[in-house]
Amino acid sequence: MTPDRPVRGLAETLADRSDDELSGLLALRPDLASPPPRGTGVLAQRALSSASIALAGDGLDLLTVAVLEAFLDAGALADRTELIGPVGRDQIVARLGRRARRPAVDARLKLLADQALIWDAGTGTARKPQWVAGIHLPAALPWRAHVLLGPLATEDPSMVESRLDALDDRRRGLLLTLAAGSPLGRSRDAAPDADPQAPVPQLIADGLLSRIDEQTVELVPMAGRLLRGEPPLITADLSEPQPGAAGRFGPEQIDAAGAGEALELLRHADELLTALALSPAAILRSGGLGVRELRRLAKATGLTTARIALLAELLSAARLIDRGFPEPAPDGWNGDEVFAPTVAVDGWRTLGTERRWLSLAQAWLDLPRRPWQVGDTDRDGNTLAALSSELHDAGAAISRRQVFEALAATEPATVVSARELATALAWRRPRQLRRWTDRYVSETLREATDLGLVAHGALTSVGRALLEAAEEADDHPEDEASTAAVLAAMDTALPAPVDHFLVQADLTLMVPGPMTPELAEQVTAVADLESGGAASVYRISEESIRRALDTGRSGAELVELFTTASQTPVPQSLTYLIEDVARRHGRLRVGLASSFVRCEDPATLAEVLRSDAAAELSLRALAPTVAVSPAPVRDVLVALQTAGFAPAGEDSSGALIDLRSRGGRVPARRPPGRPAHRRSRPGPGQLAAVISRMRASDRAEAPRDPDVFASGGGASTPALIQLAIRSGRTLRIGYVDATGVASRHLVSPSAISAGQLVGTAGDDDEPQRFSLHRITAVDVL
């Protein structure tokens with residue numbers, strides 16, 4: 001510092017910034033804009049606060065942290081009270097050595113300056129500025145010690161691992177304790193004059209512990225990750241790691257594989273919804289879906305419990321599953337609250353494939369939970385259940401996006417392993433270092449693969465579009481253009497729907513791709529899925545044909561379906577089977593009149609009346625071809641089918657109707673909406689309004705100048721206001737609001753009305769009112 005060139009303060013620096021530069025600052029640190037600050041002086045005070053600096057530190061990468069450490073190390077040598085520095089770039093580069101290049105250091109210094117974490121002291125030159133910072137700048141670091149300048153910073157992880165292996169049990173046990181919990185530990189042996197033979201001083205000498213003060217030490221992050229078996233933090237080279245390599249598959253093949261996984265997920269989701277509709281899942285006392293219910297649903301659907309847990313979490317987040325009292329009541333329901341499909345399921349099933357895929361993908365990306373943790377145990381040894389409150393974690397969605405951002409930074413079709421990605425994330429987000437484990441990253445990639453967002457270890461085009469859309473939705477929730485881009489990417493990735501199938505001699509249908517909605521409705525009604533995938537196989541049986549006939553289709557219509565939709569000749573055995581089942585089907589008719597049974601063949605009806613089902617249903621003959629029962633229509637159908645008959649349902653006009661149960665439904669009580677994953681960035685209009693108010697406050701707080709020709713307060717206030725109104729002058733008023741907060745305003749007065757000054761303040765066109773008795777001073781400019 002020189003006497004003739006004093007160090008500039010942050011408030012002075014911010015006041016000299018242009019409106020665009022201030023907009024950039026508020027976009028980088030949106031917490032500074034809420035509530036709108038009264039002038040650049042208030043903005044500077046917020047920017048220098050420890051809490052705001054710590055929030056800004058969440059987004060700093062490893063090289064930026066290293067630059068901060070070097071700045072603090074160099075600035076600590078200066079005599080300071082409220083500022084750190086001044087520090088030049090050459091001092092920072094000297095401390096980092098060859099681990100960082102000068103252009104990269106310059107870029108990080110500019111970034112820190114743009115964020116108002118440091119600023120130009122004004123004591124250097126334009127080419128070699130001197131930087132200063134506030135005393136709370138260390139809050140931006142992810143750790144307490146200067147780790148990236150320590151003795152292990154330039155060593156290879158293998159060398160650090162050798163040091164750890166050479167430790168005795170006592171010292172290693174001490175490090176394992178710190179690695180398992182907080183890296184900070186307290187010990188009297190941390191003092192510089194402690195016994196050098198004690199474990200703590202030895203570990204400090206080895207560089208495995210850093211001394212914070214005379215009673216506090218911190219475990220070096222690289223040592224902690226190696227002790228936990230996590231990917232090491234590379235600090236010998238501070239350049240950004242480039243994970244992954246080109247794979248065997250191109251972008252189109254990767255997208256196709258992802259779309260295949262998505263189709264399989266949608267099919268499994270539909271199977272789970274059907275199983276829950278027919279038999280809702282019981283709720284644990286803790287509010288979750290227990291292991292027993294997961295196993296029951298897995299057995300009913302043929303899926304794994306891990307798959308059921310993922311689907312349950314996704315469908316619940318998409319408001320397709322909820323807890324409640326289903327209507328109509330399913331068979332065997334005991335009246336307790338259960339997990340069942342919501343009323344939104346029927347509409348969701350009618351959506352296109354890309355729309356259903358998008359709903360589940362968005363639900364997963366925004367999910368404040370980690371489905372892969374289902375089955376793990378908490379600190380008390382209790383098993384974590386699906387849909388339970390114990391799984392809730394507000395940071396889950398944020399870290400999930402950070403994983404996707406690291407993937408999106410790679411070139412398309414780049415295959416990235418979980419360990420490579422964990423290493424890249426540790427460099428990009430060192431503040432969340434403990435989170436980036438092999439398991440955390442690999443499980444996140446597995447779930448993304450199940451959703452078709454990652455395939456063959458590479459991010460798909462749909463995954464990239466989904467991440468971009470999520471970022472746009474955070475800033476502009478009303479804009480649907482980003483959603484349209486995701487739907488377009490999904491439509492391109494999905495195979496074109498087919499409107500045909502191949503009938504085979506063993507009475508199976510092979511469908512070479514996803515079916516059109518019309519064909520899918522026909523096929524699922526007449527055949528049972530035997531194996532799914534890119535090409536599905538369906539089995540035709542007597543029972544499946546009878547099911548199709550129950551929906552009102554005739555035997556001739558079924559034969560026509562197979563003849564027109566099959567690209568292979570229809571086997572004669574299939575035609576005979578359809579005709580045989582259709583001939584016997586519907587002889588016995590069950591009506592809706594709670595209930596009646598009619599049959600054109602008196603002998604068949606007489607056989608029904610002699611069966612055990614007649615006594616169970618209390619059937620009574622009204623005529624040789626008609627009988628009635630007090631039992632519901634569906635119960636009559638089930639009892640007669642169980643007795644070996646093949647009845648069909650009909651309405652009062654005699655038309656066949658489909659009486660199959662679709663299971664119970666519960667209301668979707670939770671309104672849909674996208675959760676907030678970060679502080680939303682203010683829009684351009686909001687930023688302009690905030691900056692305009694700051695400029696007006698700065699002008700109002702400016703010292704009086706020669707243009708001020710009248711001033712006063714109290715009794716002279718109305719006269720001065722009338723003078724300003726007549727002469728078209730601007731007023732600078734001192735004002736105390738109802739809460740006792742004093743402020744100054746530049747006002748263009750228009751009138752005095754009802755004891756209030758009416759006028760426009762600053763650049764705001766809306767008239768504002770100021771009570772005359774609260775005005776403490778008036779200057780006519």
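Where does L387 lie? L387 is in the loop between helix 16 (353-365) and helix 17 (395-408), where helices are DSSP runs of H or I with at least four residues and strands are E runs of at least two, numbered from the N terminus. The model is predicted, so that local features need pLDDT of at least 70 and side-chain atom pairs count only at pLDDT 80 or more, while totals for chains, interfaces and linings use all residues. Residues are numbered from 1 along each chain as its sequence is written, and side-chain values use heavy atoms, with hydrogens and water left out.

**Positive phi**
- L387, although not a glycine, has a positive phi of about 65°, and with 14% relative accessibility it counts as buried (under 20% relative accessible area, with exposed over 50% and partly exposed in between, for a 1.4 Å probe and protein chains only).
- H456, in the loop between strand 12 (454-455) and strand 13 (458-459), has a positive phi near 55° and is partly exposed at 40% relative accessibility.

**Cis peptide bonds**
- The bond from S34 to P35 is cis, with omega near -10°, and P35 is placed in the loop between helix 2 (19-28) and helix 3 (40-47).
- G85 and P86 are likewise joined by a cis peptide bond, with omega about 5°, and P86 is placed in strand 1 (residues 83-88).

**Helix 5 and helix 6**
- The axes of helix 5 (residues 62-75) and helix 6 (residues 89-96) come within 9 Å and cross at roughly 110°, the axes being lines fitted to C-alpha atoms over the stretch in contact and the angles running from 0 to 180 degrees between N-to-C directions.
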